[in-house]
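Okay, everyone, thanks for coming. Let me put the model up on the screen, and then I'll talk you through it.

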Amino acid sequence: MLSPVLVLISLFVIIRGSSFASDVVPKEYSVQFDTDILDGDGKYNGTVSIDFDALESVDQLDLQARNLGIGEVYLSNDKADFSTQRNGNLLIKLKDQIPKGSYQLKITFNGTASDHDDVMFRGAYKKGVDDSFGFYLMSKPTKFDSNEAPCACPHFGKDFRTTFRISVTHSEGLKAWSNMPLENAPKPHDHDNYVISSFQQTPKMHVYDVGFFVADFDSLKIGNLTVVAREGIRRSSEYVASLGNNLVRIMDEYTALDYDGSIPDYVQIALPRELGIRNLTEFERMFVEEQYMIYDKEKDDLDKLSKVLQYSSYKLMLQWLGNFIAPEEERLHQAFSNIYTYFNAEKVYPEEFMMLLYQMYVLQGSLWNNHEMPSSVLNMFWLIAFDDKWRIVMRNLMKNRTPRTLTTAQLCSEIQMLWPEDYNLPEGTALETIFNQWMNSDKAPPILNVQRLYSEGKAILSQNGSEKILPYNYATEYSHFNQLGPFQWLTSRNKTVHLGGSDDHWLIVNKEEFGFYRVNYDERNWQLISQALRTNASGIHRMNRMQLLDDALYFAKNDQLDVTILLDLITYLRGETFYVAWYNAYNVLASGYFYEIEPPNHIKTFFLHLIEPYYQSFASREISSNTPQMEHYIQSRIAGLACWLGKEDCLRQARSRFQQAVAQNSSIEPNWTRTIYCYGLQNASDEELEWVLKKHATDFSHSVEYLGCVGNKKHLRRVLEELVKSKNSQILINFIRELHETRWEILLSLLTTDEELIGILDLSTIKTALQHVSRDTRSRKTLVLIDDLEKALMLEMENKGSGSTDKNIWEHSKVAEFIEHYMNGLED
C-alpha cells in the first residue's frame with residue numbers, strides 16, 4: 001500500500017538522435033504517469049497515447065524508449081508486436097502496411113529513477129533540526145544530442161514540436177504542477193487516497209520541454225506569481241516572490257500589454273539542489289535553487305541581490321517573454337530576459353542604479369568571459385534606438401501578438417520601419433543583417449583599435465580578428481557626452497575617418513560603453529585621456545570612466561597595453577568621486593595580490609595614495625540604512641582594501657565597529673560584514689570569537705569569507721572544530737580556499753602537530769581543498785606550504801595544480817620604476 005511521503009517528481013520527456021522514419025509526424029502526446037515510490041525504489045508506470053500522421057505507407061514505427069520497460073503496444077486499438085533494439089529504442093513491426101492517414105499509438109511503459117545523474121534522479125534533503133530527511137525524484141533534462149540518452153516515456157524524437165496533455169497520479173496529500181495549469185481540481189483515483197492531476201493542453205512544444213512536478217511542497221501566491229517550496233522555505237521566499245511579481249507587473253505596464261482573456265500565471269519552484277541557468281528547457285525555467293528564492297534585507301548584501309536577479313528573476317522573465325518569442329529564437333529570448341531583469345529591477349530599486357549593475361556584471365563581465373553575449377548585443381541595439389523609441393517598438397510588437405511567434409526579423413523590421421533616418425545604415429545593408437551578425441556570433445567580442453593621425457585630425461579604426469559591421473560613436477573636447485548619437489558604422493576591418501578635434505586633446509570612442517566591444521588607443525591618446533581625467537574626472541562620462549579602467553586592465557593583462565599606461569591612468573583616481581566607478585577601480589587594484597598575498601611596500605604606498613581621498617570621503621560617516629546598497633558595497637570593499645594595505649585608522653575603525661556589534665549583540669550592515677568581521681577578528685578575544693561562532697552556527701556558508709581572518713593558532717583551530725560540526729564538507733573546503741598566505745603557515749603548523757585535530761578532520765576533504773587551492777592560488781608561498789602538507793599528511797594528490805595562470809601585472813619590472821618616479825614627483 002502506498003502511504004503519504006515526500007514525493008518530488010519532475011519528469012522531462014527527453015530524446016536523443018533521430019532513428020525514426022521521416023514519414024511519421026506526431027500531432028499530440030497524451031501521457032499518464034503513475035508513481036509508487038514509497039519503498040524508495042523510484043519505480044513509475046505510464047501510458048502514452050500518440051496521435052500521429054503517416055505521410056505515406058509505412059510498415060514499422062521507430063520510437064525513442066531507452067531505459068524504459070515496455071508493457072503493451074496498440075495501434076488504433078489493435079495489439080502490435082514490438083521489439084527492443086540494441087540501443088534501447090522501440091521497434092514496432094506492423095503486420096500490414098498502413099496507408100497514408102491519421103492514427104493513434106498507445107504504449108504502456110515503466111521506468112525507474114536512480115540516485116545517479118540520470119533522466120530521473122532520486123535525491124534527499126535534510127528537512128529540519130531533527131535530522132529527518134525528505135526525498136524527491138527529478139529528471140536531468142538536456143537539449144543536446146546523445147545516442148545513449150534515457151527517456152521518461154516513449155516518443156518519436158526531439159525534432160518535432162507538438163501539443164501535449166500530461167496527467168499524473170499522486171497521493172491526495174501532494175500537489176502537482178506542469179507546464180500548463182490544471183484543467184480542474186484533482187480527481188479521485190481508483191487507488192485509495194490517490195488522485196489524478198490533469199493539465200491543460202500545451203502549445204506546440206519539443207518533447208524535451210514538457211514535464212511535471214509532484215511534491216508535498218506548499219505554495220505562496222503573490223499577484224500572478226505562485227512560489228512552490230518545501231516547509232520552512234516558502235515564507236522565507238516572500239521577498240523574492242514580491243520582487244518577481246513587481247517585475248512582471250512592470251513588464252506588463254512597459255509593453256502596455258492588453259491580455260485577451262485571462263492573465264497568465266507564473267510559477268517558480270524552489271528546489272534544494274544546484275540548477276543551471278543556460279540552455280534551459282521550457283519546463284526548467286520554472287525551477288530555482290532555494291538559496292536564490294531567499295533574500296533578507298537585514299542579512300544579505302548586494303552580491304546576494306545580484307544572484308537573486310541572475311538565478312531567480314531572470315527565469316521569471318524567461319517565462320514572461322516565452323509567451324511571445326518564438327521558441328526557435330533562443331538567443332533573442334535569453335537576451336530580452338536578461339536585460340529586462342535589470343531594466344525592470346531599476347524601477348523597483350530606483351536608488352540602486354541597476355542598469356549600472358548590468359554594465360558591471362553583465363556587459364563588462366561578458367567582455368571578460370563571454371557569459372552573456374546575446375544580452376550585451378541586444379543592449380547595444382537598444383541604446384542605438386534609445387529607450388523611448390524602444391518602448392514604442394515593444395508596444396507595437398505586443399499588439400495583437402499571436403503567442404510564441406516574435407522573431408528577430410519582426411523586431412528589426414519594426415525598428416527600421418519606424419526610424420530609418422536615425423540609423424544611417426551602410427548602403428544596401430538591412431538592420432536585420434547586422435543584428436544577426438552580432439547575435440549569432442560565438443566569437444569573442446571585437447577589439448576596436450584607434451590610431452590617431454594627429455596632424456590630419458583623422459584616425460585609423462581597425463578591428464582585431466573581426467569582420468562585423470561595427471557601430472561606433474565618439475566624443476572629443478568639442479563634442480562631449482550630451483547625447484549618445486550620432487552613430488556611424490565600420491564596414492571593413494579598417495577605415496580612416498575624420499573625427500575632428502585638436503592634436504592636444506583626447507578622443508574617446510564608444511560613448512557610454514554602448515557598444516559590445518573594447519577600445520584600445522595609441523599611447524599618446526591614452527596619455528591625453530589620463531591628463532584630462534586628472535584635471536577634471538567629471539569631464540568624461542562616468543560610464544566611460546568605468547570602461548577605460550576595465551579596458552586598460554584587460555589590455556595590460558593581455559600584453560596589448562604597456563602597464564605604465566594603466567598606471568598613469570589610475571593616478572586620476574585621487575579625483576574620482578563617483579562611487580560606481582570605484583567598482584572598476586577596485587577590480588584594477590585588487591587584480592594581483594588582494595587579498596591572499598602580502599604586497600610589497602611600494603605597492604602598498606602607491607595604492608594607499610590613490611584611494612586616500614575617496615576613503616576619507618566616507619570613513620568618518622556612520623553606516624546608514626538610508627545609503628544605497630551599491631554605495632555600501634563599494635565603499636566597504638575600498639575600506640577592506642585600505643585595511644589590507646595596513647592603513648591604521650581603517651584597522652582601528654573596523655576593530656571598533658566589531659567590538660560595538662559584540663557589546664550590543666547587534667548585526668552589521670550586510671555589505672560591510674566581511675570587512676568589519678575580518679579586521680575585527682584579527683585581534684579578537686576568545687569571547688568575541690565565540691560570539692561570532694554562535695551567531696553563525698546555523699549557517700557558515702557566508703562567514704567562511706571572514707572566519708579565516710582570525711589572527712592566531714588557537715582561534716584557527718577553534719574555527720576548524722566548529723566547521724567540522726556543521727557536517728558540510730563544502731563549507732570546510734571553502735574556508736580553506738579563503739585563507740591568506742600567512743594563515744596557511746598556521747594551518748600547516750596545526751595539521752602537522754595537532755593529532756587530536758587531525759583525528760576529527762576528514763583528510764579526503766582536506767585533500768580536495770588543497771587541490772582546489774593549488775590550482776587557484778597566486779601565492780608561490782602557499783604552493784610550497786601545500787607541498788609540505790601533502791608530504792606530512794601523505795595525501796598523494798592526483799590533481800594538484802601549479803597555481804593560477806592569471807597574470808599579476810603588478811609584478812612587472814616597470815611597475816616599481818613607475819611608482820618610484822611618480823611618488824618622487826609628488827615630493828618635488
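So, 57% of the 828 residues of the protein count as buried, and buried here means under 20% relative accessible area, with exposed over 50% and partly exposed in between, using a 1.4 Å probe and protein chains only. Before I go on, a bit of housekeeping: this is a predicted model, where local features need pLDDT of at least 70, side-chain atom pairs count only at pLDDT 80 or more, and totals for chains, interfaces and linings use all residues. Residues are numbered from 1 along each chain as its sequence is written, and side-chain values use heavy atoms, with hydrogens and water left out.

Back to the whole thing. The protein exposes about 35,100 Å², and carbon and sulfur atoms supply 46% of that; the areas are Shrake-Rupley with a 1.4 Å probe, and for residues only the protein chains shown count as cover. Secondary structure comes to 26 helices and 29 strands, which are DSSP runs numbered from the N terminus: H or I of at least four residues for helices, E of at least two for strands. The radius of gyration is 30 Å, close to the 28 Å that the globule rule gives for 828 residues, so the protein is as compact as a globular protein of that length. That radius is taken over C-alpha atoms, and the rule is 2.2 Å times the number of residues to the power 0.38. Along its principal axes, the C-alpha trace spans about 100 × 80 × 50 Å.

Now the domains, with bounds from an automatic or database assignment. We've got domain 1 (28-215), domain 2 (217-442), domain 3 (447-587) and domain 4 (711-805). The centres of domain 1 and domain 4, over C-alpha atoms, are 47 Å apart.

Have a look at strand β17, residues 211-215. Five of its five residues are buried. Gly-211, Phe-213 and Ala-215 point one way, Phe-212 and Val-214 the other. β17 pairs antiparallel with β13 (residues 175-178) over four bridges; for a pair, DSSP has to find at least two bridges. In that pairing, Trp-177 stands opposite Phe-213.

On to aromatics. How many aromatic pairs does a search of the whole structure find? It's 43, counting rings of Phe, Tyr and Trp (its six-membered ring) with centres within 6.5 Å; planes under 30 degrees apart are stacked, over 60 edge-to-face, the rest tilted. One of them is Trp-368 with Tyr-554, edge-to-face at 5.3 Å centre to centre and 75° between the planes. Trp-368 sits in helix α4 (residues 354-369) and Tyr-554 in helix α11 (residues 542-557), so the pair ties together parts that are 186 residues apart in sequence. Trp-368 is partly exposed at 34% relative accessible area, while Tyr-554 is buried at 18%. There's also a cluster linked by ring pairs: Tyr-254, Phe-336, Tyr-340, Phe-343, Trp-382 and Trp-390.

The peptide bond from Gly-485 to Pro-486 is cis, omega near 0°, and Pro-486 is in the loop between β25 (474-476) and β26 (488-490). Lys-727 has a positive phi, near 55°; you'll find Lys-727 in the loop between α20 (713-725) and α21 (729-737), exposed at 76% relative accessible area. Met-794 also has phi near 55°, in the loop between α25 (780-793) and α26 (813-827), and Met-794 is exposed at 70%.
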